[in-house]
Amino acid sequence: MAKLETIKSSRDFQNAKNGLFFRSTSFLLQAIQNDNRGTTRVGYTVSKQNGNAVNRNRIKRRLRSVSNLTFEKHGKKNWNYVIIGKKNTLIVDFQSLIKELTSAIKKIHK
RNA sequence: CCAGAUAAUUGGAUGAUUGCUUUUAAUUAAGAGGAAAGUCCGGGCUCCGCAAGGAUAUGGUGCCGGGUAACACCCGGCGAGGGAAACCUUAGGGAAAGUGCCGCAGAAAAUAGACCGCCCUAAUUGAAAUCAUAAGGGUAAGGGUGAAAAGGUGAGGUAAGAGCUCACCGCAUUUUUGGUAACAAUAAAUGGCAAGGUAAACCCCACCAGGAGCAAGAUCGAAUAGGGUUACUAUAGUUUAUUCUUGACUGUAACCGGGUUGAUCGCAAGAUUUGAACGGCAACGUUCAAACUAGAUGAAUAAUCAUCAUUUUUUAAAAAAAUACAGAACCCGGCUUAUAAAUUAUCUGGCACU
RNA sequence: GCGGGUGUAGCUUAGUGGUAAAGCUCCAGCCUUCCAAGCUGAUUACGAGGGUUCGAUUCCCUUCACCCGCU
């Protein structure tokens with residue numbers, strides 16, 4: 001399994017706001033095209049309203065493990081994705097999270 | 001068996017796959033707590049021109065003895081209060097050094113006092129006694145108020161009364177005995193018995209405390225003159241609460257030479273952990289042996305699956321759901337608060353049986 | 001990580017050991033043809049839990065929530 005590249009610079013996060021947008025029950029997904037590289041890159045943002053640092057990190061870790069399974073099959077190359085976590089991300093099952101992400105990726109590229 | 005009290009422990013287990021942080025030659029090794037939390041106290045460490053000493057202010061502590069690096073912590077005891085008991089709670093010095101406050105009620109709330117009362121004296125009115133009136137004196141037994149009003153009960157005594165006298169109980173002082181001490185004593189003597197409460201009101205007394213904090217601070221590289229060294233003068237200012245004494249710095253001249261940000265160190269071998277022996281009622285201490293056990297910084301310690309364990313629900317099996325509080329950030333010692341469920345030991349009371 | 005402050009009626013503020021005050025709002029009535037203004041009346045509160053005290057919003061301790069500063 002290839003390792004996903006993660007977004008770290010704040011400029012890429014700002015650009016993703018102008019791109020496509022999709023709202024799901026347990027997370028929000030943003031996507032924008034990026035010319036240079038031949039890979040898909042994913043970033044995670046969890047705001048302070050979702051609890052203390054431990055809960056926020058747990059949300060991030062769950063999203064990371066989900067996206068490792070899904071993006072290799074369904075994600076497009078040369079695209080940047082940003083997933084915004086919510087409180088439901090802690091509660092929902094792991095399998096249903098995967099289904100949600102795959103459907104979200106398909107719907108966002110219509 | 002039921003209801004309690006105290007002390008202590010655990011805080012799901014094992015394996016596989018895929019990842020993260022530090023580390024290593026190497027998938028080599030290691031990787032969250034009893035509270036990591038609150039930041040309420042105490043220390044280590046670092047800096048404050050690493051300043052020295054005195055006085056004052058400010059803040060804290062406050063029965064006695066011990067423990068500790070230190071403490072507002074802990075242990076043991078004493079007094080007071082609560083409980084049927086096991087046991088629990090306790091900021092518990094000083095009110096004749098001084099000041100303040102004590103609403104309403106009540107005669108009176110502090111230099112104690114005399115409203116309703118009780119009693120006596122002589123006088124006036126009525127008159128058999130008795131009662132009533134105003135005047136002088138004695139008294140504090142009774143009344144009602146309140147959180148609180150110059151000991152309680154009984155007997156004697158008296159005009160009425162009163163520790164006025166006596167007995168018992170309580171209290172104070174001195175001595176004695178026991179205890180390191182706080183303190184205790186159905187030990188002795190003396191005193192008729194006392195100027196209420198409040199100090200988590202000001203205050204007095206004794207003891208303790210210099211300030212800031214790892215974003216402290218140190219080094220390296222880059223970067224747009226704020227810094228450093230030496231010599232000289234003056235006594236104005238500064239020196240992290242104020243003030244005094246001493247010391248130091250700010251001024252002028254000459255010389256040297258590069259701040260915000262980033263990286264590295266500080267930063268994991270220590271009041272360390274585990275075990276044994278000895279001392280101590282205990283907190284804890286001493287000695288010996290073994291071990292090295294998280295170190296991030298857009299912030300790691302995880303995700304998924306399987307088996308088992310515990311609890312709940314529905315039950316014939318079996319299935320389903322749940323498994324607390326909560327997440328290190330320089331490090332330790334405490335306190336406080338949060339916490340599903342389970343376990344162990346000792347003690348108290350009740351019921352039943354022998 | 002460290003330091004400091006504030007919680008009183010629906011809102012904005014007083015108060016301070018003896019049982020809580022004012023303005024605006026809301027409700028009811030009067031006035032008016034009706035509304036507004038005005039007048040009268042009424043409702044509602046000391047963040048939570050302990051302690052000291054005869055008595056606590058006030059004093060002390062613990063705790064909860066919020067705000068500010070250092071960087």
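Is S26 buried or exposed? S26 is buried, with a relative accessible area of 0%; buried means under 20% relative accessible area, exposed over 50%, and partly exposed in between, with a 1.4 Å probe and protein chains only.

Some bookkeeping. This is a predicted model, where local features need pLDDT of at least 70 and side-chain atom pairs count only at pLDDT 80 or more, while totals for chains, interfaces and linings use all residues. Residues are numbered from 1 along each chain as its sequence is written, chains are lettered from A and ligands numbered from 1 in the order in which they are written, and side-chain values use heavy atoms, leaving out hydrogens and water.

Back to S26, which sits in the loop between strand 2 and strand 3. Strands (E, at least two residues) are DSSP runs, numbered from the N terminus. Leaving aside residues up to four places away in sequence, S26 touches K86, N88, T89, V92, L97 and E100, contact being heavy atoms within 4.5 Å. From S26 to N88 is 62 residues in sequence, but 4.9 Å in space, C-alpha to C-alpha.

Now the strands, which pair if DSSP finds at least two bridges between them. Strand 2, residues 20-23, runs antiparallel to strand 3 and is joined to it by four bridges, with F22 partnered by L29. A hairpin of three residues connects the two. Strand 3 is also joined to strand 5, residues 79-85, by seven bridges, again antiparallel; here I32 has N80 as its bridge partner.

Finally, strand 3 covers residues 27-33, and five of its seven residues are buried, so it is largely enclosed by the rest of the structure.
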